[in-house]
Amino acid sequence: MVASRNEERLRKATDEMKKNITSPAELDHMQCNIRKEEQVQNLISTTLKRFGKLDFLINNGGGQFPARAESFSLKGWNAVIETNLTGTFLCCREAYNQWMNDNGGVIVNIIADMWKGIPMMSHTGAARAAVDNLTKSLALEWAESGVRINSVAPGSSIYSETAAANYGDPKIFAYNIPKIPLKRLGTVEEISTSVCFLLSPASAYITGETIKVDGGGSLYSTMIFEVPDHKKSKAYTWKDDEETKSKL
Ligand SMILES: CCC/C=C/C(=O)SCCNC(=O)CCNC(=O)[C@H](O)C(C)(C)COP(=O)([O-])OP(=O)([O-])OC[C@H]1O[C@@H](n2cnc3c(N)ncnc32)[C@H](O)[C@@H]1OP(=O)([O-])[O-]
Ligand SMILES: NC(=O)C1=CN([C@@H]2O[C@H](COP(=O)(O)OP(=O)(O)OC[C@H]3O[C@@H](n4cnc5c(N)ncnc54)[C@H](OP(=O)(O)O)[C@@H]3O)[C@@H](O)[C@H]2O)C=CC1
């Protein structure tokens, strides 16, 4: 079952996938806004009615808009936290309560390269770091039910048409290439094969872990953003201490 908000995009994506499926696996799609609790409950119960089981859950839905933190309205902040953190939590909780508690299963959460913060997208950085931590807590709480849960963290380097449209710049991802040790963008396949590995029995002994698929970008330098030159940082020395004391 493939689910998201936009019916037309869903239909196109599932038609495309059906053309490429060589196994007898069945595929369906369903509208669901993961920010809405009832819609998530309905997604999981409909999936169970349609397929009779729920082996895997992949929380891939996510997104954000670029802006400085001081400019965020509460509505904008909440939109991004609800999309990336609350939506992921609701999907995990429903999958567990409706099926995986009794039957086990595997969950993979898609997060982002937020290890050094994400300037200009601090809302999504905070939400993705929270999902990284949620993954670890759930791995411990749900291990006794036979549930494994891991994350995949793509670099800011996998070309996305919707992101380029959202950010108004088709070259938005290409700007990052100089900051990626492997000196190229990643492919969608390089993300999905990592997800498949984590879903497969080959990773049966891995839980609560996050795989970074970023061409080494997270080891290197912060993407896109440069801190402007400034003289706002005052050094601290013992001499300053004496001056402070004399003022007290
Ligand atoms: C991490 C680095 C690399 C990552 C790459 C990718 O992830 S690639 C994948 C990337 N893919 C995606 O990102 C796709 C998915 N992304 C989305 O659907 C949206 O970005 C969303 C998550 C904000 C939800 O939006 P929605 O409209 O459904 O939500 P809503 O109606 O509930 O609240 C809207 C409120 O949010 C605010 N606000 C929104 N846009 C802007 C902006 N440009 N400017 C400023 N503010 C903005 C504004 O406050 C607005 O309220 P207003 O002023 O209208 O009263
Ligand atoms: N491309 C990249 O370089 C990177 C991507 N990522 C993350 O990887 C994931 C996939 O990204 P990508 O394919 O590039 O981007 P897309 O924008 O193409 O995919 C985001 C998906 O999330 C769905 N979505 C967004 N909000 C909701 C919601 N409220 N409820 C249900 N579905 C929702 C969208 O579908 P619809 O609009 O139909 O709801 C869309 O299918 C995202 O979480 C993204 O943030 C992380 C780091 C880098």
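## Salt bridges

Arg 93 and Glu 94 are joined through their side chains by a salt bridge, with an N to O distance of 3.1 Å. In this predicted model, Arg 93 is partly exposed at a relative accessible area of 22%. Glu 94 has a relative accessibility of 7% and therefore counts as buried, since the limit for that class is under 20%. A network of salt bridges with shared partners also links Glu 26, Asp 28 and Arg 50. The count of salt bridges comes to twelve.

Two further pairs show how such bridges are placed along the chain. Glu 7 and Arg 11 form a salt bridge with an N to O distance of 3.9 Å. Both residues belong to helix H1 (residues 7-20), where they stand four residues apart, about one turn of the helix. Glu 7 is partly exposed, with a relative accessible area of 32%, and Arg 11 is likewise partly exposed, at 41%. In the other pair, the closest N and O atoms of Glu 82 and Arg 35 are 3.0 Å apart, in a salt bridge. This pair connects distant parts of the chain, 47 residues apart: Glu 82 is in helix H3, while Arg 35 lies in the loop between strand S2 (29-31) and helix H2 (37-51). Glu 82 is partly exposed at 29% relative accessible area; Arg 35 is partly exposed at 33%.

Several side chains place polar atoms beside oxygen atoms of the ligand. An N or O atom in the side chain of Gln 64 is 2.8 Å from an oxygen atom of ligand 1, and a polar side-chain atom of Lys 75 also lies 2.8 Å from an oxygen atom of this ligand. For the side chain of Arg 5, the distance from an N or O atom to an oxygen atom of ligand 1 is 3.3 Å. The protein buries 61% of the 1100 Å² that ligand 1 exposes when taken alone.

## Surroundings of ligand 2

Around ligand 2 there are 24 residues, the closest being Ser 4, Arg 5, Arg 9, Ile 158 and Thr 162. The shell divides into eight nonpolar, twelve polar and four charged residues.

Nitrogen atoms of ligand 2 take part in contacts with both side chain and backbone. A polar side-chain atom of Asn 33 lies 2.8 Å from a nitrogen atom of the ligand, and a backbone N or O atom of Ile 34 lies 2.9 Å from a nitrogen atom of the ligand. Arg 128 has a polar side-chain atom 2.7 Å from an oxygen atom of ligand 2. On its own, ligand 2 has 870 Å² of accessible area, and the protein covers 80% of this.

## The chain as a whole

The chain contains seven helices and six strands, which run β-α-β-α-β-α-β-α-β-α-α-β-α from the N terminus on. Its C-alpha atoms fill a box of roughly 75 × 40 × 35 Å along the principal axes.

Of the 248 residues in the chain, 38% are buried. Among contacts with a separation of 6 or more, 72% are between residues 24 or more positions apart. The chain exposes about 15000 Å², and carbon and sulfur atoms supply 56% of that area.

Key. Residues numbered from 1 in each chain as written. Chains lettered and ligands numbered in written order. Predicted model: local features only at pLDDT ≥ 70, side-chain atom pairs only at ≥ 80, totals over all residues. Heavy atoms only, no water. Polar contact = N/O pair within 3.5 Å; in protein donor to acceptor, adjacent residues only side chain to side chain. Areas by Shrake-Rupley, 256 points an atom, 1.4 Å probe, with all protein chains shown as cover. Helix = DSSP H or I, 4+ residues; strand = E, 2+ residues; numbered from the N terminus. Buried < 20%, exposed > 50% of the residue type's maximum accessible area, 1.4 Å probe, protein only. Contact = heavy atoms within 4.5 Å. Near = heavy atom within 4 Å. Nonpolar A, V, L, I, M, F, W, Y, C, P; charged D, E, K, R; others polar. Salt bridge = Lys/Arg side-chain N within 4 Å of Asp/Glu carboxyl O.
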